[in-house]
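Reader: I have a new structure open and would like to learn how to read it. Could you walk me through it?

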Amino acid sequence: MPDSMAEQLQRDMVCEGLLECFHGLKQLDRDCFEALVGASEPLTVDEIADRVDRERSTAYRAVQRLLQTGFIQKEQVNYDQGGYYHVYYPTDPTKIADDMQRILNDWYAKMGQLIQEFENKYDETYTPPQSAES
């Protein structure tokens, strides 16, 4: 069962924890993202796999999750003699932060709506207990 909101707020968090919190990304996904951020140029899946010490297929799945969430971008590189391969690079951190802020705002609005629904539902039927002195 997930931790309660109160428990999550008491826990020490680092900014990379947002990757898990907002998008459900795993440690391997974070490792791949950090490998791309630390690279001086875009990387292939094979290069990413080498940097995180994982099999190519495992790294590829992490790269696909990062693409889905918009944390990285893919670019096709064409060979002169025909054929191509893909390289990956991190998305601009400002865009990622803006997307997370939008998700947070949407979540906050939804929670506010649910809290109001809770209050409306139970306020109608709430009867304060009679005090012992009455």
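Author: Let us go from the overall layout to single residues, keeping in mind that this is a predicted model.

Reader: Happy to start there. How many helices and strands does the protein chain have?

Author: The secondary structure comes to six helices and two strands. Read from the N terminus on, the elements of the protein chain run α-α-α-α-α-β-β-α. Of the 134 residues of the chain, 22% count as buried.

Reader: Which residues have the most contacts inside the largest nonpolar core?

Author: They are Cys-32, Ile-48, Leu-66, Ile-72 and Tyr-88, in a core of 21 residues. Four helices each supply at least two residues of this core: α3 (27-38), α4 (45-52), α5 (56-69) and α6 (93-125). Among the contributors, α3 gives the most, with five residues.

Reader: Now for a pair of helices. At what angle do the axes of α4 and α5 cross?

Author: The two axes cross at roughly 105° and come within 9 Å. Angles from 65 to 115 degrees count as roughly perpendicular, and α4 and α5 are therefore roughly perpendicular to each other.

Reader: Which residues meet where α4 and α5 touch?

Author: From α4 come Val-45, Asp-46, Ile-48 and Ala-49, and they meet Arg-56, Ala-59, Tyr-60 and Val-63 of α5. By type, the residues of this contact divide into six nonpolar, no polar and two charged. You have already met Ile-48, as one of the residues with the most contacts inside the largest nonpolar core.

Reader: On to the strands. In which sense do β1 and β2 pair?

Author: Here is a general idea to carry along: in a regular strand the side chains alternate between the two faces of the sheet. In this model, β1 (residues 72-78) and β2 (residues 84-90) pair in the antiparallel sense, over seven bridges. To find your place in the pairing, look for Val-77, which stands opposite Tyr-85 in β2. The hairpin has five residues between the strands, and Gly-82 in this hairpin takes a positive phi near 110°.

Reader: What does Thr-44 touch, leaving out residues up to four places away in sequence?

Author: Thr-44 touches Tyr-85, His-86, Val-87 and Tyr-88.

Terms used: Residues are numbered from 1 along each chain as its sequence is written. This is a predicted model: local features need pLDDT of at least 70, side-chain atom pairs count only at pLDDT 80 or more; totals for chains, interfaces and linings use all residues. Side-chain values use heavy atoms; hydrogens and water are left out. A nonpolar core is a set of buried Ala, Val, Leu, Ile, Met, Phe, Trp, Tyr and Cys residues joined through side-chain atoms within 4.5 Å. Buried means under 20% relative accessible area, exposed over 50%, partly exposed in between (1.4 Å probe, protein chains only). Axes are lines fitted to C-alpha atoms, for helices over the stretch in contact, and angles run from 0 to 180 degrees between N-to-C directions. Angles under 35 degrees count as roughly parallel, over 145 as roughly antiparallel, 65 to 115 as roughly perpendicular and the rest as oblique. Contact means heavy atoms within 4.5 Å. Ala, Val, Leu, Ile, Met, Phe, Trp, Tyr, Cys and Pro count as nonpolar, Asp, Glu, Lys and Arg as charged, and the others, Gly among them, as polar. Two strands pair if DSSP finds at least two bridges between them.
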